[in-house]
Amino acid sequence: MIGRLGFLTGIALRHLSKRRRQTLVAVSGVAVGVGFFLAVSAMMIGSQTDFVRQLIDVAPHIIVSDEVRSPTPQPGTRVYANGAVQLHGYKVRTEARGIKDWQAVLAAANAVPGAVASPSLTGGVTLRLGGHDEALAIVGVDPEIESRVSDIEDKLRAGNLRDLETVQGGIIIGEEMAQRLGIGMGDIVAATSASRSRSMRVVGLFKRGNSQLGSSSGYVLLREAQSMLGRPFVINRIGLRIPDPYQAEDVAARLEQRFGYKAESWQERSADFLSLLVTRNVIMYSVVSAILLVASFGIYTVVSNSVADKRRDIAILRSIGFSEGDLQFIFVTEGLMLAVIGVFCGWALGYGLMEILGSLNFPIAGENQHVPLDRSPRQYAVAAAASLFAGAIAAWLPARKASRVDPVDILRGAV
Amino acid sequence: MSALLEARGLGRVLPGDPPVTLVREANLVIEPGSFTTIVGPSGCGKSSLLYLLSLIDRPTSGELLLEGREVSRLSGDERAQIRLMKFGFVFQFHFLLPEFTALENVLIPIRRLGSLGEVEARERAMHLLDRVGLAEKHGKTPDRLSGGERQRVAIARALANDPVLILGDEPTGNLDSQNSARVVEDLRHLAHEEGRAVVCVTHDPGIAELADVRVDMLDGRIENILDRRGGAAAAP
């Protein structure tokens with residue numbers, strides 16, 4: 001069996017060796033298709049991975065806040081849980097904001113294996129300098145824990161998160177905000193909340209162009225935020241970082257179910273971006289599959305021509321005693337050999353293109369950056385599989401025709 | 001002598017409007033060791049009858065018995081296997097595969113059957129080429145061989161799997177008289193000395209004269225069968 005297939009493959013190889021130019025064209029077609037598939041998908045997937053990593057790492061993977069997704073049921077409704085209760089003109093019970101019993105929530109969050117949870121308090125203040133007012137959302141954090149939960153440390157243009165602990169009334173704000181107020185590192189600015197007012201010293205600046213941190217948020221010490229906002233010992237946010245970011249949705253759902261507070265995963269937070277990425281992938285894969293498909297047309301042409309040229313040979317082989325399957329195998333093998341050679345050349349081409357792309361620098365946000373590339377072997381396998389599949393189909397169509405050649409028609413025509 | 005191949009009322013009609021009858025009611029017995037020619041004017045159906053006998057084409061009526069077994073209704077693959085193992089073909093246009101050398105052309109049926117190892121297969125192919133006097137040209141591709149040489153390679157290839165039946169379709173059609181005589185002599189030898197059955201379609205009266213059995217065809221019908229071995233003429 002193996003011997004026979006090897007023998008049939010030999011016949012296919014001999015056919016191809018006699019039509020070098022067409023073979024070359026078909027192989028180049030596949031090679032270019034595979035090469036560009038690799039280059040384009042490396043860039044697309046690379047940039048996507050890079051982008052998603054930024055989405056994941058810019059803020060905690062999960063943020064538990066003191067919000068709830070639906071209003072807390074009123075006591076009357078709670079008492080008659082299964083009854084048909086209608087209440088009129090009741091006075092809504094005012095609940096104090098903040099996560100109640102947050103130590104328990106924090107403990108539960110920390111209990112997730114490998115997770116780090118950072119409690120914080122957010123609130124609004126107004127920064128005032130001269131006659132200039134700017135609204136600012138301050139986040140009170142414990143710098144030591146917060147730095148393990150998000151990578152804001154990396155986003156600092158100047159200063160250090162730890163400086164919040166060493167400088168009385170230290171605050172970290174965005175570069176844009178600082179510019180608007182006309183202040184810089186070490187300058188003092190007045191901060192006013194609903195309950196009190198005090199002066200703060202700028203100890204750090206965020207880099208500009210960061211949509212997540214925004215230009216209107218600032219970091220202070222947790223204690224500082226609690227006293228400034230007049231809410232001692234209260235926190236309203238717990239940021240959580242977990243070892244596998246893709247578990248965030250599950251972990252968030254568990255925390256939310258247990259405590260009732262809204263726990264937002266990074267996926268939920270970035271759903272709009274993620275759906276954009278899906279669209280982008282659909283576009284990419286349609287374009288590159290079109291390239292691979294077109295490449296297989298070359299294979300179709302070669303095999304189809306080969307079948308047309310070899311009608312006499314097909315007739316003689318059939319009369320000698322070759323079966324339809326033998327003939328089909330010969331011509332499909334011709335197409336597959338083209339595809340295989342093309343795939344190998346395409347791998348080399350794709351590798352070369354990636355090397356070139358990888359060596360380029362592009363100025364992004366004022367910094368020279370390498371193009372993020374995904375060089376995983378998976379893409380090589382996908383390109384090969386797609387090409388071989390397309391090649392097999394492209395070869396199979398004319399090969400089927402070859403196997404159906406009626407030797408009598410050819411012999412009768414020739415005699 | 002028992003029949004190797006027997007046609008009983010064999011007929012072939014090409015479907016169409018109107019349908020074309022290629023062969024009608026052919027009765028014929030082919031015996032081992034006999035040299036049979038089928039003769040007749042162009043379009044009389046002699047090639048069509050040969051394709052039926054050689055299991056390349058399927059009859060639309062009648063029976064075909066090979067060694068007593070009905071074979072015309074077998075599947076395509078089964079008939080291909082019979083052709084591979086038991087039949088050898090020699091065609092007018094010699095039909096060698098142009099990409100392959102003389103030796104490789106002879107090797108093709110041997111390798112396809114796969115019953116011999118590579119070394120024995122090459123030995124056998126060389127031996128067959130030697131028989132037709134072309135051993136020293138085994139490495140040449142068909143375009144480097146003369147017409148007579150190609151036809152002798154085709155005969156060697158027909159013998160590749162030691163067939164019981166050799167089928168020729170105008171085997172001397174494209175050859176000069178000298179080459180022609182040589183090919184005919186080869187075919188006669190295969191029948192008389194080696195006990196194979198040889199069936200040839202031909203225009204060449206010289207071949208027809210040398211044959212043991214002459215089948216005359218006209219309009220798709222066997223008109224007369226002349227058997228020189230017994231000397232008796234038998235009507236179909």
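Glu104(B) and Arg14(A) form a salt bridge through their side chains, with an N to O distance of 2.7 Å. The term denotes a side-chain nitrogen of Lys or Arg within 4 Å of a carboxyl oxygen of Asp or Glu. The model is predicted: local features need pLDDT of at least 70, side-chain atom pairs count only at pLDDT 80 or more, and totals for chains, interfaces and linings use all residues, while side-chain values use heavy atoms, leaving out hydrogens and water. Residues are numbered from 1 along each chain as its sequence is written, and chains are lettered from A and ligands numbered from 1 in the order in which they are written.

Between chain B and chain A, the salt bridges number 3. The two chains also share 7 residue pairs in polar contact, both residues being at pLDDT 80 or more. Such a contact is a pair of N or O atoms within 3.5 Å; within protein, one must be able to donate a hydrogen and the other to accept it, and residues adjacent in sequence count only if both atoms are side-chain atoms. On the side of chain B that touches chain A, at least two residues each come from helix H1 (46-53), helix H2 (76-86), strand E6 (87-91) and helix H3 (102-113). Helices (H or I, at least four residues) and strands (E, at least two) are DSSP runs, numbered from the N terminus. H3(B) gives the largest share, 5 residues. By type, this side of chain B holds 14 nonpolar, 3 polar and 10 charged residues. Here Ala, Val, Leu, Ile, Met, Phe, Trp, Tyr, Cys and Pro count as nonpolar, Asp, Glu, Lys and Arg as charged, and the others, Gly among them, as polar.

Contact (heavy atoms within 4.5 Å) joins 27 residues of chain B to 25 residues of chain A. The buried area is about 2,600 Å², with 64% from carbon and sulfur atoms. Phe95(B), Glu99(B) and Arg112(B) supply 30% of what chain B buries against chain A, more than any other three residues. This area is the accessible area (1.4 Å probe) that two parts lose on being put together, summed over both.

Val408(A) belongs to helix H15 (residues 407-414) of chain A. Neighbours within four places in sequence aside, Val408(A) contacts Tyr51(B), Ile56(B) and Asp57(B). Its relative accessible area is 1%, so Val408(A) is buried. Buried means under 20%, exposed over 50%, partly exposed in between (1.4 Å probe, protein chains only).

Over all chains, 8 aromatic pairs are found. Rings of Phe, Tyr and Trp (its six-membered ring) pair if their centres lie within 6.5 Å; planes under 30 degrees apart count as stacked, over 60 as edge-to-face and the rest as tilted. Phe206(A) and Tyr219(A) are edge-to-face, with centres 5.6 Å apart and planes at 75°. Phe206(A) sits in strand E7 (residues 197-206) and Tyr219(A) in strand E8 (residues 217-221) of chain A, so the pair ties together parts 13 residues apart in sequence. Both residues are buried. Trp347(A) and Tyr380(A) are also edge-to-face, with centres 6.0 Å apart and planes at 75°. Trp347(A) lies in helix H13 (residues 324-359) and Tyr380(A) in helix H14 (residues 377-403), 33 residues apart. Trp347(A) is partly exposed at 29%, whereas Tyr380(A) is buried at 16%.

In chain B, Ser34(B) occupies the loop between strand E2 (20-30) and strand E3 (35-39). Ser34(B) is buried, at 1% relative accessible area. His192(B) is 158 residues away in sequence but 6.8 Å away in space, C-alpha to C-alpha.
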